[in-house]
Amino acid sequence: MSDLEDHLSPINANQMSPDPTQYIDHGKSLVQQFRAQKIGVMEKTLLPSEANLVRPEIMASWMRSFENGLDPFHYNYPLMMEKSAFLQLLKEKAFFLEAAEPYMCQFEKMLSDMGCYLFLSDENGVILRTANTLGQNKFWLTPGAIWSEETTGTCSHAMSILLKSPIQVCGPEHFSQIFKNVSCSTAPVFNACGTLEGTLTISSAYLHSQSSQSLGLVMTIASAIQKEFQLSEKKALLSCALAAANDVVIVIQQSGIIVAANAHAKNLLDEDLEGKQIAEIIGDQPLIERVLKTGIPVLNSDVIITRGHHKFNLVGVQPVTDCDCPSFGCVLTLKELDQLGSLTIAKSPRCSPARFSFSHIVGSSDQTVETIALAKKFCRFDDNILLQGESGTGKEVYAQSIHNQSRSDGPFVAVNCAAIPATLIESELFGYDAGAFTGAERKGKPGKIEMANGGTLFLDEIGDMPLELQAVLLRVLEDHLVMRVGGSRYIPVNFRLVAATNRDLAELVKEKKFREDLYYRLLVFKVEILPLRQRGAEIIELAEFFISKICQSQRLKRPALNSATKYILLQYDWPGNVRQLQNVISYALCMCDDGPVLPEHLPKDVLNNYINPVTGRTKVLPEKAVVAPATQEDSNLSMKDIEKMVIRKALDDTNNHIRAAAKVLGISKSTIYRKIKEYDIPI
């Protein structure tokens, strides 16, 4: 019980006393003393250290709330998320909400009888779900409201988020005087990685209706939600892992019952695999029985299995073990074979791995969010997609994401039309039969189009494709038939074409360098990817992402980006786009030693294009200067000037959204408020 006592409000801690009369009298006196000490601290007639009744963590929160500019005697209404942003947040929190829903519904009636209400928040204090609010929406306790220490001051779920532990906050312990009779108990919920996912709060409009039982109850419910949530996460990860495999993957129990299978297995073997005996699907396999019995895995076996018109190689049987038995299940991996007994083209190592999905695309600006949303919409149809963007903007990342969204079970085949000599591109795309030309492989070779059957063909830099081949490609797109060079028969193909270019195809059509009919065939769906210089604050977001990625791979301590460095990165033109930014960050991390990334750590070509924020002229920075002036008129440009410019730039790029600007700059919301006031930055 001592652990529970550590989290109780001292106002209600005495409820465990056997004499309720003594508690009531003492409780009233205690509340009055609390209020007196709080007013004394706020009015600075009492030192924080002299407020002996107040818990240190509550006192620290009061002081932060006060420094954030909040008024304890006037209600600070919480901010509301934009509808589109909140709907996106609900999608991201789908597993969390699904795990919590049964418990929210189960306890809603009971809490109503107790005169309490229940709500769920995310790790930033955004209200996700409420139950039985009992008319308390005068406080704006509604989904989408941002209740945090920065917006409304000290409250139980804001404290739970900060402390990452359960807590009870009652009456005058709240920062705002409007909550003088409100009592709350909150417990955190963590994901499978131990990261805070959100909080659950039981609240009451009556000061003494909360007790140790209230805190114990919310901790119990939060624990149940956490277990359900972590289980759903693990199930989702398993499903994603199965879906990502290009081979047939089947999971069976000790008894031989199939408990899971990926989409590829269902497409080739049976739509309703789960619940069936593995022997019904692939026959009796002594190899599987041996692995289940001994727990010893078998890899690279030569067992061949025939199922209808398909042949498979049972390449791996991996046991799933625990401490009680050698194996209580197995994971089977089968590779499809063609009619000659060799691996099918779709599983050929010559196909490109599609590693990226839309979740890997870094960027939270309206433009990037809209671009991703548009690409996702196009995924619903099988028509051609054209990606337009400068070199280095991430066109292949979008292409792989489109593939994984729409045709993840098939191959992803990438061809750079600008990198293949004109004399070879025809055979690379269309393949060739035996003896087609001198030096050809004896058995012939399938082309990239043929290899993409069932999946996606990505033609990068399609503007560089020779005119004579454009006509052949157009015919393939219309008829879905391909003939190898030197061949005499058509091969049916089914693929989604994603083309990319950094050139203006419409201008090439005018110059007779690109076929007009192919241009309009490609133009069914067009996705324009903005150059990095037009993405504003996303430059810093990407820089921070690359810092984390590189430091993790190189096992380096993660340094911070100096404010002046951020400003220079924001001002640079980035002709090489995202690819160049990644290289610049790699160089800067190599040059800096156990400290923040400073301007002098950046490559000279970036520093030489720095635009002075005062004069607006390009200046070359001396190697050892933070932001060194090139002329006397720039000599007053200090770090404070740079910091002011960086904050102004972040505010401009986020449409004066304080939280978003703070996130871009890597500082807290209270800090950016303080800086805005200090530098007198108009909003």
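Here are some friendly questions and answers about the predicted model shown above.

Me: How are residues numbered, and which pLDDT do local features need in this predicted model?
Reply: Residues are numbered from 1 along each chain as its sequence is written, and side-chain values use heavy atoms, with hydrogens and water left out. Totals for chains, interfaces and linings use all residues, side-chain atom pairs count only at pLDDT 80 or more, and local features need pLDDT of at least 70.

Me: How many helices and strands does the protein have?
Reply: Helices (H or I, at least four residues) and strands (E, at least two) are DSSP runs, numbered from the N terminus. By that scheme, the secondary structure comes to 26 helices and 23 strands.

Me: What percentage of the 683 residues count as buried?
Reply: Buried means under 20% relative accessible area, exposed means over 50%, and partly exposed lies in between, with a 1.4 Å probe and protein chains only. Of the 683 residues of the protein, the buried share is 49%.

Me: Among contacts between residues at least 6 apart in sequence, what percentage join residues at least 24 apart?
Reply: A contact means heavy atoms within 4.5 Å. Among the contacts between residues at least 6 apart, the share joining residues at least 24 apart is 62%.

Me: Is Glu67 buried or exposed?
Reply: Glu67 has its place in helix H4 (residues 56-67). Its relative accessibility is 62%, so Glu67 counts as exposed.

Me: What distance separates the C-alpha atoms of Glu67 and Tyr673?
Reply: Along the chain, Glu67 and Tyr673 are 606 residues apart. In the model, their C-alpha atoms are separated by 9.5 Å.

Me: What kind of aromatic pair do Phe378 and Phe525 form?
Reply: Rings of Phe, Tyr and Trp (its six-membered ring) pair if their centres lie within 6.5 Å; planes under 30 degrees apart count as stacked, over 60 as edge-to-face and the rest as tilted. By this rule there are eight aromatic pairs. For Phe378 and Phe525, the centres are 4.3 Å apart and the planes 15° apart, making the pair stacked.

Me: Which elements hold Phe378 and Phe525?
Reply: These two residues are 147 residues apart, so their pair links distant parts of the chain. Both Phe378 and Phe525 are buried. Phe378 sits in helix H13 (residues 366-378), and Phe525 in strand S21 (residues 525-528).

Me: How far does H13 reach from its first C-alpha to its last?
Reply: The expected span of a helix is 1.5 Å times one less than its number of residues. H13 has 13 residues, and its reach is close to the 18 Å expected. From first C-alpha to last, H13 reaches 18 Å.

Me: Why do the buried residues of H13 line one face of the helix?
Reply: The buried residues of H13 are Thr368, Thr371, Ile372, Ala375 and Phe378. The arc is that of the directions from the helix axis to the C-beta atoms. Seen down the axis of H13, the buried residues line one face because they fall within an arc of 120°.

Me: Which exposed residues does the face of H13 turned away from its buried side carry?
Reply: On the buried side, H13 packs against strand S13 (385-388), helix H14 (395-406), strand S20 (496-501), S21 and helix H20 (538-554). The face turned away carries Asp366, Glu370 and Lys377.

Me: Which residue in S6 is the bridge partner of Val169?
Reply: S5 and strand S6 (residues 183-190) run antiparallel and are joined by four bridges. In S6, the partner of Val169 is Cys184.

Me: Which residue in the turn between S8 and S9 has a positive phi?
Reply: Five of the six residues of strand S8 (residues 248-253) are buried, so S8 is largely enclosed by the rest of the structure. Three bridges join S8 to strand S9 (residues 258-261), and the two run antiparallel. They form a hairpin with four residues between them, and the turn residue with a positive phi, of about 95°, is Gly256.

Terms used
Pairing = 2+ DSSP bridges.
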